[in-house]
Amino acid sequence: MAYFCFNNIRVAGVACAVPTNEVKTESYKHLFGDEEVEKFMEMTGVRASHRTSEHQTCSDLGFRAASELLEKKGINREEIGALIFSSHSPDYRRPSTAFVLQYRLGIPKEAVCYDISLGCSSLVVGMQTVASIMNTSDMKYALLFVGDTAGKSVCPTDRSSAMLFGEAGAVMLLEKTENPNDQMKALVRSDGSGFRYMIVPGGGYRNLHASEERVMCEDGNERSLMNSFIQGTSVFTFTIFDVPRLIKDFFAKTDTTPEDYDCFGFHQANLYILKQIAKKTKIPFEKMPITLDRYGNTSGASAIVSLCDRYGNDKENKTIKVMACGFGIGISLGATSFEINTEEILPIFEDDAIYENGLITDPNQLYEKK
């Protein structure tokens with residue numbers, strides 16, 4: 001069992017940003033028909049989402065979130081010892097997006113920076129990775145970036161995905177402390193037998209020059225090899241059986257119950273799935289913030305988007321105990337618990353900025369001008 005417990009490390013702040021461009025789900029009625037869209041909204045709960053422009057990336061949104069968080073906290077950036085970017089939406093095939101963020105944010109060269117290629121579970125696995133680094137080092141602070149721009153790989157006529165995904169970038173600040181009560185716990189699992197369940201099969205180094213010609217798939221949706229595929233039945237079975245089992249195992253391992261937590265920041269897969277998970281694990285549904293109605297399925301950023309939505313404008317200055325759970329593409333799933341003060345949860349920011357220096361449209365742009 002991949003169970004982790006970290007002492008003297010706390011979540012010192014979270015922030016997120018979404019694009020200003022809001023897409024109403026009902027706007028797809030002209031494409032898919034009234035009945036299809038109404039049925040989709042009823043099942044998934046997605047009534048709107050935010051989408052990036054062509055050249056805006058997840059790191060652009062994460063940069064805004066991190067800038068706001070570091071300013072509010074008054075953190076000396078020289079004290080940041082690690083920057084991890086955990087996402088399936090990098091700026092480039094290479095290099096790692098973490099280096100771009102390090103440069104943009106002015107994080108010291110002594111910091112460790114790299115990417116983790118993960119989607120829906122990126123927050124939980126990212127927290128486990130960052131805490132492990134901090135646990136064996138002398139660093140004071142670390143930044144974890146999560147989120148995706150999954151809509152960019154969806155075929156626009158794919159009824160199963162076109163209306164589902166929202167786009168967001170989020171950041172978590174972790175701090176090493178002297179307080180033994182500061183504690184984080186995590187339980188992580190992986191099942192590579194389901195690697196085909198959610199996949200973009202083309203564009204990687206196994207099929208670098210895959211055809212972008214759309215073909216009619218067995219589920220009645222057109223897609224190319226460069227588009228996202230979701231095997232709905234397999235994904236549904238996984239989320240209904242494997243995720244509740246993970247959560248119950250986490251409760252047992254940590255000797256906790258749903259009553260011990262103030263908030264359940266869960267991956268916003270779809271409303272029906274979240275209700276089934278809550279029912280099977282006896283989690284009070286009112287403790288599970290829902291944001292997919294306004295922001296869609298925001299992949300690994302879901303938990304932070306939910307925290308920022310519920311507590312970002314909270315003035316009570318209270319400490320809450322959070323259980324976060326991420327599950328999906330990989331297949332990867334994990335649960336974690338931590339405490340955070342509501343003053344350290346920022347509201348959701350909207351931003352359309354693009355890192356112009358990172359937009360390379362001509363190879364000659366790469367040559368340094370003297």
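Mentor: Begin with the neighbours of Thr 342: leaving aside residues up to four places away in sequence, Thr 342 touches Tyr 311, Asp 314, Glu 316, Asn 317, Lys 318 and Ile 320. Contact here means heavy atoms within 4.5 Å. This is a predicted model, in which local features need pLDDT of at least 70, side-chain atom pairs count only at pLDDT 80 or more, and totals for chains, interfaces and linings use all residues. Residues are numbered from 1 along each chain as its sequence is written, and side-chain values use heavy atoms, with hydrogens and water left out.

Trainee: Where is Thr 342 placed?

Mentor: Thr 342 sits in the loop between strand S16 (332-341) and strand S17 (345-350). Helices (H or I, at least four residues) and strands (E, at least two) are DSSP runs, numbered from the N terminus.

Trainee: Why does Thr 342 count as buried?

Mentor: Buried means under 20% relative accessible area, exposed means over 50%, and partly exposed is in between (1.4 Å probe, protein chains only). Thr 342 has 1% relative accessibility, so it counts as buried.

Trainee: What makes Phe 229 partly exposed?

Mentor: Its relative accessible area is 23%, which is why Phe 229 is put in the partly exposed class. Phe 229 lies in strand S13 (residues 229-230). Beyond residues up to four places away in sequence, Phe 229 touches Tyr 197, Met 198, Ile 199, Pro 201, Cys 217, Arg 223 and Ser 224. The C-alpha atoms of Phe 229 and Ser 161 are 8.5 Å apart, although 68 residues separate the two along the chain.

Trainee: Why are helices H3 and H4 called oblique to each other?

Mentor: The axes of H3 (residues 58-73) and H4 (residues 97-105) come within 11 Å and cross at roughly 40 degrees. Axes are lines fitted to C-alpha atoms, for helices over the stretch in contact, and angles run from 0 to 180 degrees between N-to-C directions. Under 35 degrees counts as roughly parallel, over 145 as roughly antiparallel, 65 to 115 as roughly perpendicular, and the rest as oblique. H3 and H4 are therefore oblique.

Trainee: Which hand does the crossing of H3 and H4 have, and which residues make the contact?

Mentor: The crossing is right-handed. That word applies if the near helix is turned clockwise from the far one by less than a right angle, and left-handed applies if the turn is anticlockwise. H3 contributes Ser 59, Asp 60, Phe 63, Ala 66 and Ser 67 to the contact, while H4 contributes Thr 97, Leu 101, Arg 104 and Leu 105. By class, that makes four nonpolar, three polar and two charged residues. Ala, Val, Leu, Ile, Met, Phe, Trp, Tyr, Cys and Pro count as nonpolar, Asp, Glu, Lys and Arg as charged, and the others, Gly among them, as polar.

Trainee: Why is H4 described as largely enclosed by the rest of the structure?

Mentor: Seven of the nine residues of H4 are buried, so the description applies. The buried residues are Thr 97, Ala 98, Val 100, Leu 101, Gln 102, Arg 104 and Leu 105. They pack against H3, S5, strand S6 (112-116) and strand S7 (141-148). H9 is also largely enclosed, because eight of its ten residues are buried.

Trainee: What sets apart the bond from Arg 94 to Pro 95?

Mentor: That peptide bond is cis, with omega near 5 degrees. Pro 95 is in the loop between strand S5 (80-86) and H4. Gly 330 and Ile 331 are also joined by a cis peptide bond, with omega about 0 degrees. Most residues other than glycine have a negative phi, and most peptide bonds are trans.

Trainee: What is the phi of Asp 255?

Mentor: Phi of Asp 255 is near 55 degrees, a positive value in a residue other than glycine. Asp 255 is in the loop between helix H6 (232-254) and strand S14 (263-266). Its relative accessible area is 70%, so Asp 255 is exposed. Asn 317 also has a positive phi, near 55 degrees, but at 42% relative accessible area Asn 317 is partly exposed.

Trainee: How do you know that the protein agrees with a compact globule?

Mentor: The rule for a globule is 2.2 Å times the number of residues to the power 0.38, with the radius of gyration taken over C-alpha atoms. For 370 residues the rule gives a value near 21 Å, and the protein has 20 Å, which agrees. Of the 370 residues, 55% are buried.
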